[in-house]
Amino acid sequence: MSMRQSQPELKQARQQVMASTQILQNLIPPTVSYTTQGHVLIIGPEDLARLAADSLPTMASRVILANETITSQDEAHLEKVINAAEGVESFYNKLKGIKGFLGQFQVNVDADEGGVAELSKVAIRQAHFDIILDLSSSPCINLEMLPVGYLYVGQDEAKLTDAIAQIPDLVGEFDKPRYVKVNAEVCAHNRNGLNGCNRCLNFCPADAISSIEQKIEIDPYLCHGAGSCTNLCPTGAISYDLPTPASLHSYLEKLISRYRKEAQVAPVILFHDNMNGSELITEQLSGDVLPIALEEITVASIDHWLAALAHGAREVLILNTDSSAPTLVQMLQGELSLANRILDEMGQPQRLRLINETDLANLAEPLAISTTWPVIVPMVHTVTPNVTNAKRDMLYQAIDHLNSQAASIQTQVAIANVPYGQVKVDVDKCTLCMSCVSTCPTQALKDGGDKPALHFVEQDCVQCGLCESACPEKVISLVAQVNFDKESRQALTTLKEEAPFECIRCGSEFATQSMVHKMVEMVGAHSAFSANVERLKMCGDCRVKDMFEDILQDPEKQLR
C-alpha cells in the first residue's frame, strides 16, 4: 500500500465504494402480519391509568387494571381523575401474567376462589387485548426486548406523551419482517429424544425461542431480529434472512476489496445498528472507516468478523449503544474474546473491539494499528462443494488464511465451552454400536461402511454432546478446542476399528468382535442361554436354524 491519503480523499473513496456496493436482499422478504381493532388495556396506578385512558377516546375499548396505589391525594388532581374517562371500568384483580404481542395479548388475573380469569373476556368480551400501556413502577413483562404493542412508560411524562400519540396509529394491519429461519434438519438441539445444543435458548432477549416437542421454534411475532440466536448457532440451523449470512459475506468481500483498490488503504469495518447507531455516524468519521448498518449489532457473527480481516480489513469495530440489550452485549463480549484469542494464538494483534459512543469520537489513535501490523494478502473465498455447514466452513477458511499470514501455527488450544473440538472414545470399551453416528447432526461421526469402524472429522464437530448422551457404553467424551492444524482438523480420522465377527456356523460377517464378546459376557451366564451360548456367536439365520434343529431332535424339550 502506498503513502496514506488525506481525509477528504479517503472520505471520497468511501462514498464512491459504498454507493456502488449493495447487500443483496430478498426482493420479497418473508413477513408476519399483526391485526388490531384498538382494544387497549392500561395497567398502573388508577389515577394515572384513568387520565391516560381519557387521552385515548377514539380507541375501540379502554380497560384499566389498577395494580398500584394512587400517586397523589391532591384534591384538584383527584377531581380531575374522577371526571376522566367516564364509562371506563377499572379492575383490581392481581395480575398473574401477560402473554402475546400486538393484537394478541392474553392477560390473566386472579379470579374468585383462587381461580384465574382472562381479563379481556371478562372486561370486553374479546379473546384478547390489542395494545397494552403499562404505567407501573416496573414493567409487568420482564424482558429486555418487549413485545410489539406493549408500551412501557412507567411514570415518565415524555414517554407517556409519545405512547398516547402512537397508540391510535396501532389500529389496523401491520407487517414486520420474519427475521430468521430455522433448518431443523441440521439443528443439534435434539436427536432421538436426547438433549444436545441449547446455545440459542440461553441468549434471546425477547424470549422468542422455545423448545417445542424437542424442536427449536422461533415465534416470529415476538422476534425483534436481535440475531443472538444466529450468532451463536454452531451448525447454521438458525440463520438470518435480512441479510442472509452469505449475502453479508459477499458484501464484505466486495466492499473491502473495492475500497483497498480505490483508496490504497486497508479499511476498518464498523458494524452498528440501523437505529441508535446510525444516528452516531456522521461526516466526522474517519475516511478509512466503513460503517455497515445492521438490524442489530449481533447479526454479524464471528465468521463475518474474521472473514472481514482475512479479506483485508485491518480492524473490525462493533458500536454498542445504550439501546443494546445486556444479554446481547454479554454474548458479544464472549464471542469477541474468543475471536481475539484466536488471533493472539496465531501471532496477530487483537483487532476486534466493542466500542461505545465515546470511543467512536476518539478513533484516531486506536486506528494506528495499521502502522504496526503488515498488510496481509487478502483471502479469496472459495465455495466448498457439498458443505453442510457454510458458517463453519467460512470461519475456518478465515482462520486458516489469517494463520498463513502470521505464525502458521499447527497447535490445538483448549478453550472451554466453545462449539469446536474433538470426540474421544475409550476404544477398549466401545462396541461400535454406531448410536453416536445416528445422532450426530453434522455427520462429524461416520461409520466404516462395510467395515466395523468409527470415523471422525473434527472440523464438522459442534460439541453438542448428543453422541456422548447416546452412547450406551458411556465411552465418549468431548474435548473443546480450536485446532489450527488444517490438515488434521479436516482429515477423516479413525477413532476405532476392528475385524468383523464371523458366524461360527456359516462364516458370514454379522457383528463386531467386541459386540459379540460383550453379549456372551452379559447374556451368556443367564439360565435361558447358558445351554446355548454358542448361538450368540451365530448370525440371525443360523441361530433360527439351530433352534429348529434342536426342537426336531427333541420335540418335548421345549415343554420341560
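I began with the contact between two helices, where Asp-47, Arg-50 and Leu-51 of H2 meet His-77, Lys-80 and Val-81 of H3. By class, I listed two nonpolar, one polar and three charged residues in this contact of H2 with H3. I keep in mind that the model is predicted.

Next I looked up the geometry of the pair. H2 covers residues 46-54 and H3 covers residues 75-82. Their axes are 9 Å apart, and the helices pack at an angle of about 50°. H2 and H3 are therefore oblique to each other. I noted the crossing of H2 and H3 as left-handed.

I then turned to His-249. Where does His-249 sit? I found His-249 in helix H7, residues 245-263.

Salt bridges came next. How many salt bridges are there by this rule? The count comes to 13. I looked up some of them one by one.

Lys-121 and Glu-118 form one of these, with the closest N and O atoms 3.7 Å apart. Lys-121 is partly exposed at a relative accessible area of 47%. Glu-118 is also partly exposed, with a value of 25%.

Arg-341 forms a salt bridge with Glu-345, and here the closest N and O atoms are 3.9 Å apart. I placed both Arg-341 and Glu-345 in helix H10, residues 326-345. They are four residues apart, about one turn of the helix. Arg-341 has a relative accessible area of 35% and is partly exposed. Glu-345, at 30% relative accessibility, counts as partly exposed.

My last pair was Asp-546 and Arg-535, whose side chains meet in a salt bridge at 2.7 Å, N to O. Asp-546 lies in helix H17 (residues 540-553), while Arg-535 lies in the loop between helix H16 (513-523) and H17, so the pair ties together parts that are eleven residues apart in sequence. Which residues join Arg-535 and Asp-546 in one network? Through salt bridges that share partners, Arg-505 and Glu-549 belong to this network with Arg-535 and Asp-546.

Key. Residues are numbered from 1 along each chain as its sequence is written. This is a predicted model: local features need pLDDT of at least 70, side-chain atom pairs count only at pLDDT 80 or more; totals for chains, interfaces and linings use all residues. Side-chain values use heavy atoms; hydrogens and water are left out. Axes are lines fitted to C-alpha atoms, for helices over the stretch in contact, and angles run from 0 to 180 degrees between N-to-C directions. Angles under 35 degrees count as roughly parallel, over 145 as roughly antiparallel, 65 to 115 as roughly perpendicular and the rest as oblique. A crossing is left-handed if the near helix is turned anticlockwise from the far one by less than a right angle, and right-handed if clockwise. Contact means heavy atoms within 4.5 Å. Ala, Val, Leu, Ile, Met, Phe, Trp, Tyr, Cys and Pro count as nonpolar, Asp, Glu, Lys and Arg as charged, and the others, Gly among them, as polar. A salt bridge is a side-chain nitrogen of Lys or Arg within 4 Å of a carboxyl oxygen of Asp or Glu. Buried means under 20% relative accessible area, exposed over 50%, partly exposed in between (1.4 Å probe, protein chains only).
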